[in-house]
Amino acid sequence: MQLHQQNPSKGYDAQALHASESSRARSLLELLREAKADIRQGVDPKLLEQERSLPQQLNAFEHRKYQLVSSQHTEQ
């Protein structure tokens with residue numbers, strides 16, 4: 001947040017919020033694992049399938065992004 005105060009247009013506030021929320025999410029997941037909570041119990045199977053397919057979709061998007069960035073292209 002100090003960096004944001006020094007350079008408000010650089011987006012440091014968003015980065016700080018993202019880091020904070022990621023840390024909180026990791027802590028929550030750790031607590032759920034320790035409690036052996038079955039958070040998927042009773043969840044619609046379509047949502048579970050979607051959850052499984054999202055990482056594959058993200059990988060495909062990242063691969064395509066890499067291909068586009070590494071290929072020769074014009075500014076247009």
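Reader: Which residue with a positive phi follows helix α2?
Author: Lysine 36 comes after α2, and its phi is near 55°. The model is predicted, so that local features require pLDDT of at least 70 and side-chain atom pairs pLDDT 80 or more, while totals for chains, interfaces and linings use all residues. Residues are numbered from 1 along each chain as its sequence is written, and side-chain values use heavy atoms, with hydrogens and water left out.

Reader: What makes the phi of lysine 36 worth noting?
Author: The value is positive, near 55°, in a residue other than glycine. Most residues other than glycine have a negative phi. Lysine 36 is found in the loop between α2 and α3.

Reader: Why is lysine 36 called exposed?
Author: A residue is exposed over 50% relative accessible area, buried under 20% and partly exposed in between (1.4 Å probe, protein chains only). Lysine 36 has 72% relative accessibility, and therefore counts as exposed.

Reader: What pattern does the chain follow along the sequence?
Author: The pattern reads α-α-α, with three helices and zero strands.

Reader: How do you know that the length of α2 is close to the expected value?
Author: The expected span is 1.5 Å times one less than the number of residues. Helix α2 covers residues 12-34, which is 23 residues. From its first C-alpha to its last it reaches 33 Å, close to the 33 Å expected.

Reader: Why is the contact of arginine 24 with glutamate 21 called a salt bridge?
Author: The term requires a side-chain nitrogen of Lys or Arg within 4 Å of a carboxyl oxygen of Asp or Glu. Here the N to O distance is 3.5 Å, so the pair qualifies. The two residues are three apart in helix α2, and are therefore separated by about one helical turn. An α-helix has 3.6 residues a turn, so residues three or four places apart point the same way. Arginine 24 is exposed at 57%, whereas glutamate 21 is partly exposed at 38%.

Reader: How many salt bridges are counted by this rule?
Author: The count comes to three. One of them joins glutamate 51 to arginine 40, with the closest N and O atoms 2.8 Å apart. This pair links distant parts of the chain, eleven residues apart: glutamate 51 lies in helix α3 (residues 45-70) and arginine 40 in the loop between α2 and α3. Both are partly exposed, glutamate 51 at 38% and arginine 40 at 42%. Another joins glutamate 49 to arginine 52, at 3.5 Å. Glutamate 49 and arginine 52 are three residues apart in helix α3, about one turn.

Reader: How do you know how the chain compares with a compact globule?
Author: The radius of gyration is taken over C-alpha atoms, and the globule rule is 2.2 Å times the number of residues to the power 0.38. For 76 residues a compact globule would have a value near 11 Å, but the chain has 19 Å. Its C-alpha trace spans about 50 × 40 × 20 Å along the principal axes. Buried residues make up 4% of the 76 residues. In this chain, the C-alpha atoms of histidine 63 and leucine 31 are separated by 33 Å.

Note on methods
Helix = DSSP H or I, 4+ residues; strand = E, 2+ residues; numbered from the N terminus.
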